[in-house]
Amino acid sequence: AAGFHSSARVKRCQKKPRPRGLRRESQRIAPRPAFALTPCRAAVAARGRCDARMGKRKAEAEGKSPKKKEKTDDDDEGAPPKTYQERLKALSPISSPLADEKLTKKLHKLVKKASQGKALRRGVKEVVKSLRQGTKGMCILAGDVSPVDVIAHLPILCEEQDVPYIYVPSKQDLGYAALTKRPTSVVLVAPKTGSAFEHQDLLDKAISAVGSK
């Protein structure tokens, strides 16, 4: 019995080990074609085809293209058609001093010229930063800003820095005058120091008109 076990052990040791990575004929897997889809890719493709069919059916059911958002008067690329009196209906109670219709047109013209001459600060953050740095000029605020707390601190800051300020009825008109498509709550007309401002006379007239308010 001892000899039998020893001979069997010797035979097992004499067997050549099979190289790694090779499988038996029954365990080999046929190579997958390059164009074959995995189950995950097949599910994604099927879902895409389903969504395309659903979209086509929905479009056929509606029978027309989706409606575009209608533009309002304030979204028009041209000048807003609302009159001065209509703009006064949305004024906040702190809008004082308020420019009249004639002065409002002059201020809008000044803002447009200042924007073209790169002498304009737009928005609350830029205006506050410029005022705290001691920049001199003229501050123009929109009277229909809501909530009022957004610009309520600006008049006090202007008084502390000795900068004249005035309200105009509409933030939409103010943004249009500043050559932007978005409504603007406040702008600061501030020519750069050391450089000549082409429309300085227009700025001086506006400051004198604001001082008389």
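This is a predicted model: local features need pLDDT of at least 70, side-chain atom pairs count only at pLDDT 80 or more; totals for chains, interfaces and linings use all residues.
Figure 1. Together with Lys102, Lys109 and Lys205, Lys106 forms a patch of positive charge on the surface. Helix α4, which covers residues 101-116, gives the most to this patch, with three residues.

**Figure 2. Lys112 of helix α4 and its distance to Leu179.** Lys112 lies in helix α4. With a relative accessible area of 40%, Lys112 is partly exposed. Along the chain, Lys112 and Leu179 are 67 residues apart, yet their C-alpha atoms are separated by 6.7 Å. Leu179 belongs to the loop between α7 (171-177) and β4 (186-189).

Figure 3. Most residues other than glycine have a negative phi. Lys118 is not a glycine, but its phi is positive, at about 55°. Lys118 is placed in the loop between α4 and β1 (120-122). Is this residue buried or exposed? Lys118 is exposed, with a relative accessible area of 65%. Leu179 also has a positive phi, of about 65°, although it is not a glycine.

Figure 4. Most peptide bonds are trans. The bond from Ser96 to Pro97, however, is cis, with omega near 0°. Pro97 lies in the loop between α3 (84-87) and α4. A cis peptide bond also joins Ser146 and Pro147, and here omega is about -5°. Pro147 is placed in the loop between β2 (138-142) and α6 (154-160).

**Figure 5. Asp144 in the loop between β2 and α6.** Asp144 lies in the loop between β2 and α6, and the place of Pro147 is in the loop between these elements as well. The relative accessibility of Asp144 is 16%, and the residue therefore counts as buried. In sequence, Asp144 and Tyr167 are 23 residues apart. In space, their C-alpha atoms are 9.4 Å apart.

Figure 6. A disulfide is a covalent bond between the sulfur atoms of two cysteines. How many disulfides does a search of the whole structure find? The search finds zero. The cysteine sulfur closest to that of Cys139 is in Cys158, and the distance of 3.9 Å is too far for a bond. The cut-off used here explains this result, because a disulfide requires a pair of cysteine sulfur atoms within 2.5 Å. Cys139 is buried, with a relative accessible area of 0%. Cys158 counts as buried too, at 0% relative accessibility.

**Figure 7. The salt bridge between Arg87 and Asp173.** The count of salt bridges comes to one. In this salt bridge the side chains of Arg87 and Asp173 meet, with a distance of 3.2 Å from N to O. Why does the pair tie together separate parts of the chain? Arg87 lies in helix α3 and Asp173 in helix α7, so the pair links parts that are 86 residues apart in sequence. Arg87 counts as buried, at 8% relative accessibility. Asp173 is likewise buried, with a relative accessibility of 15%.

**Figure 8. The chain as a setting for the close-up views.** The secondary structure of the chain consists of eight helices and four strands. From the N terminus on, the order of the elements is α-α-α-α-β-α-β-α-β-α-β-α. The chain has 213 residues, and buried residues make up 29% of them. Among the buried residues are Cys139, Cys158, Arg87, Asp173 and Asp144.

Note on methods:
Residues are numbered from 1 along each chain as its sequence is written. Side-chain values use heavy atoms; hydrogens and water are left out. Patches are made of residues with over 30% relative accessible area and no salt bridge: like charges are joined within 9 Å, nonpolar side chains (Val, Leu, Ile, Met, Phe, Trp, Tyr) within 5 Å. Accessible areas come from the Shrake-Rupley method with a 1.4 Å probe; for residues, only the protein chains shown count as cover. A salt bridge is a side-chain nitrogen of Lys or Arg within 4 Å of a carboxyl oxygen of Asp or Glu. Lys and Arg count as positive and Asp and Glu as negative; His and the chain ends are not counted. The place of a charge is taken as NZ of Lys, CZ of Arg, CG of Asp or CD of Glu. Helices (H or I, at least four residues) and strands (E, at least two) are DSSP runs, numbered from the N terminus. Buried means under 20% relative accessible area, exposed over 50%, partly exposed in between (1.4 Å probe, protein chains only).
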